[in-house]
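Good morning, colleagues. Please have the sequence and the model open as I speak.

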Amino acid sequence: MRPANSRGVPGPPGAGVGDGVYRNPVLDADWSDPDVLRVGDDYYLTASSFGRAPGLPLLHSRDLVDWTLVGHALERLEPEAEFRSPRPDGGVWAPALRHHDDRFWIFWGDPDHGLFQVNAPEIRGPWTRPHLLKAGKGLIDPCPLWDEETGEAYLVHAWAKSRSGVKNRLTGHRMHPDGTSLLDDGKVIVDGDRIPGWFTLEGPKLYRHDGWFWILAPAGGVETGWQGAFRSRGFFGPYEERVVLEQGDTDVNGPHQGGWVRTRTGEDWFLHFQQRGAYGRVVHLQPMRWGPDGWPVVGDEGAPVAVHRRPALPPQPPAAPATDDDFPGGRYGRQWQWTANPRDGWATEHFGDGLRLTCLRSPTAHDLRSLPNVLTQRLPGRPCVIEVDLRLDSAEPGARAGLAVLGDAYRWIGLERGSDGKVRLVHRFAERGAEAERDAGRPVPAPGGRARLRVEAGAGARCRFSYDTGAGFRASGQVFAATPWRWVGALPGLFALAPAGRGHAGAATFTRFRITAAHGTNVSPQSHLARRIQEKRADR
């Protein structure tokens, strides 16, 4: 993997709309369960990555509106054996990002194994290997606090009912100041069952402010919930609560779960997600202030804002996480993640451009959802066109490669070599719960074993597939409504496969991967010069 040096898809048109305002969402793709941190003049954000590798994405900004992806904190998921195949419902859930003792720290919960942490002297690493802080089923969403006033350290976490049979409560622990162990068995410090109307309390973020311990935590479920605030004079309670952000009469459903950050000049801001179906959990930026009664006021008196004055920070060039890729030397950019822990030999480096993927032999090649060797990135949250050139170099009958939109249901278009030795353009899909693919279009000859593949993702993530084998683009099959993949938004992905057997099955080469706005103009908001500035910033 190499540093991202390609154009990116920004937030919605007008994410930075001029005249000193911005438009939500500021990250219009699946950056799930965000947490945010300021160190000096720099802002950093991480998000859930579930079972994909590398995990724990690291984003950087100078203005809280324009973000770039600068790396990942987790090269591989552990335990290794548990992530040899896709786990879109496991892995990294709701991380917390903190800075303490001149180090960056990230804590997260794996619902099947327990609470983990990694740390590093710089945001770009090197990051430590995952350290298991507390083993157990259903332990999720941990957040630490180092209390500068007393020198004590604490940790709060939530519970996943799917693994533990318990939910709607927050458990607190004393933690060793070195972050390596918990000092007690824990105590329930907030019980949502005792608060009328509250359910699915989770995702706590722990702070100290104005003499109070504060827990900012969402409740009410991913799609329709609200953001709560809890405060107590002592860490172990008792806590009083208040709803500080909810949908109201806006079209932002379930505005909750995120982090509070204060600028150097004292402005307060809150970043949170909104669940948007196949697009996953997009990220909004809300103004925040402290009311006369000492409670936080988020958004427009507790309702999410769509457009707002930008933070009072030095202006920055427009920027967004990279999407496009020419794969120089066969290396892929930071924006790509495998659907499970990768193994050597899946992608081969070389002297030219293009991603050379090995046609990996698999007995389950009929179902992309079961395969670890699909290279994916996030689907932009607005209409776009995804294109890539493909050449199938494998001579193995049954070898195939293509461009997919992956989810609980999926569809792909690509090339396959038949038993007669000829390469054909094929288009296939699998329904939710189906164990095998079906044809979505008629196979057509692909002269020279080449094609340019296209997915036009329209409103509501309705995807139209097409191809060009030398005579111009032609549509294939019916419109496909992309779906989430358990807790993950739909994923555009590249793959190369071959039937089970022995010996090397060859490779496929992908070049000129592009994502553009649906109307055909480049989605990047910045000029060439601004892009160069972004690239230099990302590589610092």
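How many cavities of 30 Å³ or more does the count come to? The count comes to three cavities of 30 Å³ or more. The term cavity stands here for a set of points, on a 1 Å grid over the protein atoms alone, where a 1.4 Å probe fits but cannot get out. Grid points are joined across faces, edges and corners, and a volume is the space filled by probe spheres set on the points.

Before I continue, a word on conventions. This is a predicted model, in which local features need pLDDT of at least 70 and side-chain atom pairs count only at pLDDT 80 or more, while totals for chains, interfaces and linings use all residues. Residues are numbered from 1 along each chain as its sequence is written, and side-chain values use heavy atoms, with hydrogens and water left out.

Let me turn to the second largest cavity, which holds about 50 Å³ of space. Its lining, meaning residues with an atom within 4 Å of a point, includes Ser49, Phe50, Gly51 and Arg52. Pro86, Arg87 and Pro88 also line this cavity, as do Thr339, Trp485, Val488 and Leu491. By class, the lining has six nonpolar, three polar and two charged residues. In this scheme Ala, Val, Leu, Ile, Met, Phe, Trp, Tyr, Cys and Pro are nonpolar, Asp, Glu, Lys and Arg are charged, and the others, Gly among them, are polar.

I move on to the nonpolar cores. In soluble globular proteins, nonpolar side chains tend to be buried together. A nonpolar core is a set of buried Ala, Val, Leu, Ile, Met, Phe, Trp, Tyr and Cys residues joined through side-chain atoms within 4.5 Å. Buried means under 20% relative accessible area, exposed means over 50%, and partly exposed lies in between, with a 1.4 Å probe and protein chains only.

The largest nonpolar core has 46 residues, and Leu453, Leu494, Phe510 and Phe513 have the most contacts inside it. Strand 29, residues 384-392, gives the most to this core, with five residues. Strands here are DSSP runs of E, at least two residues in length, numbered from the N terminus. Apart from this core lies another, of 40 residues, among them Ile140, Ala158, Val190 and Tyr410.

Which residues does phenylalanine 513 contact, leaving aside its neighbours within four places in sequence? Among them are Phe327, Trp336, Ile386, Val388, Leu403 and Leu494, together with Asp324, Asp325 and Glu387. Contact means heavy atoms within 4.5 Å.

Leucine 155, in strand 12, residues 153-159, is buried at 0% relative accessibility. Not counting residues up to four places away in sequence, leucine 155 touches residues including Phe107, Leu115, Leu133, Met175, Leu182 and Phe235.

Now to the cysteines. The structure holds zero disulfides, a disulfide being a pair of cysteine sulfur atoms within 2.5 Å. For cysteine 384 the nearest cysteine sulfur is that of cysteine 463, 7.9 Å away. Cysteine 384 is buried, with a relative accessible area of 2%, and cysteine 463 is buried as well, at 0%.

Finally, the backbone. Where are the cis peptide bonds that I wish to show? One joins asparagine 24 and proline 25, with omega about -5°, and proline 25 lies in the loop between strand 2 (21-23) and strand 3 (35-39). Another runs from glutamate 78 to proline 79, with omega near 0°; proline 79 lies in the loop between strand 6 (68-74) and strand 7 (93-100).

Two residues with positive phi deserve mention. Leucine 64 is not a glycine, yet its phi is about 70°; it lies in the loop between strand 5 (55-61) and strand 6. Glutamate 301 has phi near 55° and is found in the loop between strand 22 (296-298) and strand 23 (307-309).

Is each of these residues buried or exposed? Leucine 64 is buried, with a relative accessible area of 0%, whereas glutamate 301 counts as exposed at 59%.

Phenylalanine 199 is partly exposed, with a relative accessible area of 40%. It touches Asn168, Ala219, Gly220, Gly221 and Trp226, not counting residues up to four places away in sequence. Thank you for your attention.

Note on methods:
1 Å grid on protein atoms, 1.4 Å probe; cavity = no way out; pocket = protein on both sides within 12 Å on 5 of 7 lines; lining within 4 Å. Helix = DSSP H or I, 4+ residues; strand = E, 2+ residues; numbered from the N terminus.
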